[in-house]
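Please have the sequence and the 3D view open as you go.

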Amino acid sequence: MAVSGTIRTYFNGSWHDGDLPVMRAADHAMWLGSSVFDGARFFDGVTPDLDLHCARTNASAEALLMTPTHSAEQMAELIREGLEGFAPGAAVYIRPMYWATDGDATLIAPDPDSTRFAVSLEEIPMAAPEASATLTRTRFRRPVLENAVVNAKAGCLYPNNARMLREARSKGFTNALVLDAMGNVAETATTNVFMVRGGEVFTPIPNGTFLAGITRARHISNMRADGITVHECVLEYQDFEEADEVFLSGNMSKVTPVTAFDSRQYQTGPVAKRVREMYWDWARSRS
C-alpha cells in the first residue's frame, strides 16, 4: 500500500527505486498471514530509536515462529544506507519487515527457515504541529496473548484495528479509544494514549494486550526527566472523561493532542505541547 510516490525498497541484497513486488501468490504469508513489520521515522536528519525498532522487528518475527535473517545492527546499517537516496530534508517512514514463504510439516505454522526480509522506505511528511485527533468508544476490544500474537507487530492483528477505525469514522471521529478483554482502556486503534489530570500524567499499564510502544517509552522517560509525574496504571473510560487533556503517542506522528472523546471536549494542553517539544529536542540531540 503505497501512500506516496517516492519509495525505495531493499530486497534480495540490494536497494531498488520504487515499490518493488516481493511476495508470491502462494507464499505462506499471503495465505496464512505470517508477516511482521515495524515502523521508524527519519526526519530532520535523524532516525530516533532506530536500533530499538529494528530489534522489535526481530522480536516480532520470533513471536510468529519465524527466524530473523538480519541482526538489529545489520538492519539499521542497511536502512541508513537506503536513506541516502532521499533528498535533503525529506521525512521518511521506515518499514523493515519479515514474512514466511513456506509452511512447516503442519502447513499452518511457518517454516522458520523460509523467512524473507525487505525494507520499504517511503517519503511521508511528519504531521503538522497543530494536528489533532478525536476519539470515541468502540465495541471491538484488544485480544490477549492466549488468543492472538499481541506480543508482535504483526499484520494479522490489523484487521481488528481496521474495524475499530471504520466504526469511529462512521460516527464522525478520527480514532477509537479501545478497551482490553477485561474492560480497561488499552490504547487507541493505532496509538498508545496518555491523559493528564491535575498536572500529572496517566497511561494504561502494559498488561500483555497491547504493544507498549518505543515512542511511548521515550515520552515517559523524557517526562520523568523533566519532573513530570507519570503513572502507568489501570484506567477506564471515565478517567478520560474527567481528564484535563489527552494526547496520543505513535511512531507516525510522535505526539497528537486529542480535542474530543465522544461529547467531552479538550483543548490542546500544556503537557502535550511540552512532550512534543521534549521529543524533538531529544531526537535532534541524537545527530
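How many bridges join E5 to E6, and do these strands run parallel or antiparallel? Nine bridges join E5 to E6, and the two strands run antiparallel. This is a predicted model, in which local features need pLDDT of at least 70, side-chain atom pairs count only at pLDDT 80 or more, and totals for chains, interfaces and linings use all residues. Residues are numbered from 1 along each chain as its sequence is written, and side-chain values use heavy atoms, with hydrogens and water left out.

**Strands and their pairing**

- Strands (E, at least two residues) and helices (H or I, at least four) are DSSP runs numbered from the N terminus, and two strands pair if DSSP finds at least two bridges between them.
- E6 covers residues 115-123, and E5 covers residues 92-100.
- E1 pairs antiparallel with strand E2 (residues 14-17) over four bridges, and Tyr-10 stands opposite Trp-15 in E2.
- The hairpin of E1 and E2 has two residues between the strands, and Asn-12 takes a positive phi near 55° there.

- Buried means under 20% relative accessible area, exposed means over 50%, and partly exposed lies in between (1.4 Å probe, protein chains only).
- Seven of the nine residues of E6 are buried, so this strand is largely enclosed by the rest of the structure.
- E1 is mostly covered, with five of its five residues buried.
- In a regular strand the side chains alternate between the two faces of the sheet.
- From E1, Ile-7, Thr-9 and Phe-11 point one way while Arg-8 and Tyr-10 point the other way, and all are buried.
- Val-119 lies in strand E6 and counts as buried because its relative accessibility is 0%.
- Leaving aside neighbours within four places in sequence, Val-119 is in contact (heavy atoms within 4.5 Å) with Arg-8, Thr-9, Tyr-10, Trp-15, Ile-79, Arg-95 and Pro-96.
- The C-alpha atoms of Val-119 and Gly-82 are separated by 9.0 Å, although the two residues are 37 apart along the chain.

**Aromatic rings**

- Rings of Phe, Tyr and Trp (its six-membered ring) pair if their centres lie within 6.5 Å; planes under 30 degrees apart count as stacked, over 60 as edge-to-face and the rest as tilted.
- The count by this rule comes to 10 aromatic pairs.
- One of them is the stacked pair of Phe-11 and Trp-99, at 6.1 Å centre to centre with 20° between the planes.
- That pair links distant parts of the chain, with Phe-11 in E1 (residues 7-11) and Trp-99 in E5, 88 residues apart; Phe-11 and Trp-99 are both buried.
- Tyr-98 and Phe-117 form a tilted pair, because their ring centres are 5.2 Å apart and their planes meet at 50°.
- This pair joins E5 to E6 across 19 residues of chain.
- Tyr-98 counts as buried at 0% relative accessibility, and Phe-117 counts as buried at 6%.
- Tyr-10, Trp-15, Tyr-98 and Phe-117 form one aromatic cluster.

**Charges over rings**

- A charge sits over a ring if NZ of Lys or CZ of Arg is within 6 Å of the ring centre and within 35 degrees of the ring normal.
- Arg-137 lies over the face of Tyr-237, at 4.7 Å from the ring centre.
- Arg-276 lies over the face of Trp-280, at 4.1 Å from the ring centre.

**Nonpolar cores**

- A nonpolar core is a set of buried Ala, Val, Leu, Ile, Met, Phe, Trp, Tyr and Cys residues joined through side-chain atoms within 4.5 Å.
- The largest such core has 30 residues, and Ile-79, Leu-83, Val-92, Ile-94 and Leu-121 have the most contacts inside it.
- Strand E4 (40-42), helix H2 (50-63), helix H3 (72-83), E5 and E6 each give two or more residues to this core, and H3 gives the most, with six.
- A second, separate core of 17 residues includes Val-185, Leu-248, Val-258 and Tyr-266.

**Cysteines**

- The count of disulfides (cysteine sulfur atoms within 2.5 Å) comes to zero.
- Cys-156 counts as partly exposed at 42% relative accessibility, and Cys-233 counts as partly exposed at 21%.
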